[in-house]
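Please open the model in your viewer and keep the sequence panel beside it. The stops below say what to select next and what is to be found there.

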Amino acid sequence: MEDVDYQHVSTLLWREQELLDLLLFKAEEKQYLILTGKTRWLARIAHEIEVVLDQLRTLEVERAAATEALAVQLGLPANPSLRQLAEKAPTPWSDLLAKHHEALLTLVTDLRSLSDANRELIEGGISVIGDALLSVRTPSAGTYGASGRTSAGEHRAVTLDGAL
């Protein structure tokens, strides 16, 4: 019976790693779309990321319940960390749980870095758009003022008739 609980937790951890890896892939896809300017697909990738995040949330609840059951068996306090479980678990489970811990830390670190990079790219894009809009609001020479005359006086609007 004890091995079944460890097996279940390990299976849930493998699934969590798969989902985090998929999330990392989706974040890289998002970065590619941002860098190439293919904004058409950003809403779709955002939805796909949200679907993966929902799956992770559901899995996290199941993993927490399974972890609590193991904590009781091992005499650990409620809500133990994966590291605490690995330290108290018998061999070979201690090694496997420690490897899960390392893999999850690596994936989460990679995700944070990529997420930060994507956020900077988006903020940079918004800044460029803001600068472009600001330059449109501040007209250059040769435009009309409130009186209907050109504001600089040096330039005037001309319409050419191609038939002349």
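**The whole chain**

Begin with the protein chain in cartoon view, which reads α-α-α-α along the sequence, with four helices and zero strands; helices (H or I, at least four residues) and strands (E, at least two) are DSSP runs, numbered from the N terminus. This is a predicted model, in which local features need pLDDT of at least 70 and side-chain atom pairs count only at pLDDT 80 or more, while totals for chains, interfaces and linings use all residues. Residues are numbered from 1 along each chain as its sequence is written, and side-chain values use heavy atoms, with hydrogens and water left out.

Of the 164 residues, 27% count as buried, where buried means under 20% relative accessible area, exposed over 50%, and partly exposed in between (1.4 Å probe, protein chains only).

**The nonpolar core**

Now select Y6, L85 and L97, which have the most contacts inside the largest nonpolar core, a set of 30 residues; such a core consists of buried Ala, Val, Leu, Ile, Met, Phe, Trp, Tyr and Cys residues joined through side-chain atoms within 4.5 Å. Helix 1 (2-36), helix 2 (42-74), helix 3 (82-88) and helix 4 (93-137) each supply at least two residues of this core, and the largest share, ten residues, comes from helix 1. In soluble globular proteins, nonpolar side chains tend to be buried together.

Centre the view on L85, which touches T67, L70, A71, L74, L76, P80 and L97, not counting residues up to four places away in sequence; contact here means heavy atoms within 4.5 Å.

Y6 counts as buried at 1% relative accessibility, and W93 counts as buried at 12%.

**Salt bridges**

Select E16 and R63, which form a salt bridge whose closest N and O atoms are 2.7 Å apart; the term covers a side-chain nitrogen of Lys or Arg within 4 Å of a carboxyl oxygen of Asp or Glu. E16 lies in helix 1 and R63 in helix 2, so the pair ties together parts that are 47 residues apart in sequence. E16, at 10% relative accessibility, counts as buried, and R63 counts as buried at 14%.

Move on to K26, E29, R44 and E48, which are linked in a network of salt bridges. Within helix 1, E29 and K26 are three residues apart and are separated by about one helical turn, and their closest N and O atoms lie 3.4 Å apart. The side chains of K26 and E48 meet at 2.7 Å, N to O, and this pair links helix 1 to helix 2 across 22 residues.
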